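Student: I would like to learn how to read aromatic pairs and a helix in a model. Please take me through a case.

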Amino acid sequence: MKYSLLLAASAALALAVPQGPSKRASSFAWFGVSESGAEFGNQNIPGVLGTDYIWPDTSTIQTLRNAGMNIFRVPFLMERLVPNKLTSSPDATYLQGLKSTVEFITSTGAYALVDPHNFGRYYGNIINSTSDFAAFWTTVATQFASNDKVIFDTNNEFNTEDQTLVLNLNQAAINAIRAAGATSQYIFVEGNSWSGAWTWTTVNTNLVSLTDPQNKIVYEMHQYLDSDGSGTSDTCVSSTIGQERVQAATEWLQSNGKLGFLGEFAGGANSLCQSAVTGMLSYMQENSDVWLGASWWAAGPWWSTYIFSMEPPSGTAYTYYLNILSAYFPSSSGGSTTTSTSTATHTTTTTTTTTSTKSTATATSTATASHWAQCGGIGWTGATTCASPYTCQAQNAYYSQCL
Ligand SMILES: *[C@@H]1O[C@H](CO)[C@@H](O)[C@H](O)[C@H]1NC(C)=O
């Protein structure tokens, strides 16, 4: 989201899904949430773990994973990972926190989107050295080179900086990641002007020339639905504003043969925003030849009463939106769109992904739910009995889990 300082105060993957007679499964490869916390307290660098910042809670990640999410974006601060200079070696403690979080996520079969949440800045200054930025990415990619469920997000929301610099920084990141031996992973590139989908075609068209020897670039855009698009209000402009704001970007992706991911979006817990959000997601599913998925902003242990909190068990968006969004989850068999758009148009399907997604879908239809698995809640049609010795415990109206 655009005004991160306020926060301080506090393809690829086609699913082999059977086509139902009237409904079809979600055509997204990924759906999830940003797991906010390690980037908190950006006025206190390096800051103190537990006071200024926090790593996400793995048990609530597991809850969202069990609900069907399969991508978790992990924001962190570059200054905490590589203190003093972009070319520094990593701080061992902060690196361990990042690695633990990422490895937990990927151990569940989900994807971890590694997100230096820095707005193209380092200690407040625009990052202007492509070689320093490359050094930072060499450091990060080296750590995760062998984990193909990691995805690299070049930087959160470049803004108010030179457009050619944004292009060159992204290309430097791609080159460094590949040179570090991380050759299997997707790379999500972000654009200038906070990577907004609504301004993409007037701002970021030069990013069309980014190249990747592995051909695994995904354009990560962000879109909020309040009047200034900043994601700071729970009032949406109209019921159709979501689709309207991503339409031009969708056409840009299509006409240029590129893939996109909506890396941040949200709406208030009210019916107008609900229509705007579902209208946008349904439109994206109709155009899933280019849209691979979306991630909500945001979950995380310190959001408290934040208007968009997806943190279980009582976040405002968790209680209002989880069930609504679940129709778009990759494991969903009841996507809300009824279009006949092909679900198999992405070209670089990987066997491992297809397999893990299938096993997730299978798990929800077995007669007995396993430890941590969902076992009840509004709209739940899967197993309601838990494997011994676990019992089905309600987390909220939408979600019961074997614990
Ligand atoms: C690049 O950034 C550094 C650090 O903020 C700054 O000192 C320098 O003046 C910048 N150089 C250019 C050419 O903008």
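Predicted model: local features only at pLDDT ≥ 70, side-chain atom pairs only at ≥ 80, totals over all residues.

Student: How many aromatic pairs does a search of the whole structure find?

Tutor: A pair of aromatic rings is described by the distance of the centres and the angle of the planes. Rings of Phe, Tyr and Trp (its six-membered ring) pair if their centres lie within 6.5 Å; planes under 30 degrees apart are stacked, over 60 edge-to-face, the rest tilted. The search finds 27 pairs. Among them, Phe-28 and Phe-31 are tilted, at 6.2 Å and 40 degrees. Phe-40 and Trp-302 are edge-to-face, at 6.2 Å and 75 degrees.

Student: Which parts does the pair of Phe-40 and Trp-302 tie together?

Tutor: Phe-40 lies in the loop between strand 1 (30–35) and helix 2 (58–67), and Trp-302 in the loop between strand 10 (291–299) and helix 10 (316–325), so the pair ties together parts 262 residues apart in sequence. Helices (H or I, at least four residues) and strands (E, at least two) are DSSP runs, numbered from the N terminus.

Student: Where does the charged end of Lys-216 sit?

Tutor: A charge sits over a ring if NZ of Lys or CZ of Arg is within 6 Å of the ring centre and within 35 degrees of the ring normal. Lys-216 sits over the ring of Tyr-186, 4.6 Å from its centre.

Student: What span should helix 5 have?

Tutor: The expected span is 1.5 Å times one less than the number of residues. Helix 5 (residues 130–144) has 15 residues and should span 21 Å; its end C-alpha atoms are 21 Å apart, which agrees.

Conventions:
Residues numbered from 1 in each chain as written. Heavy atoms only, no water.
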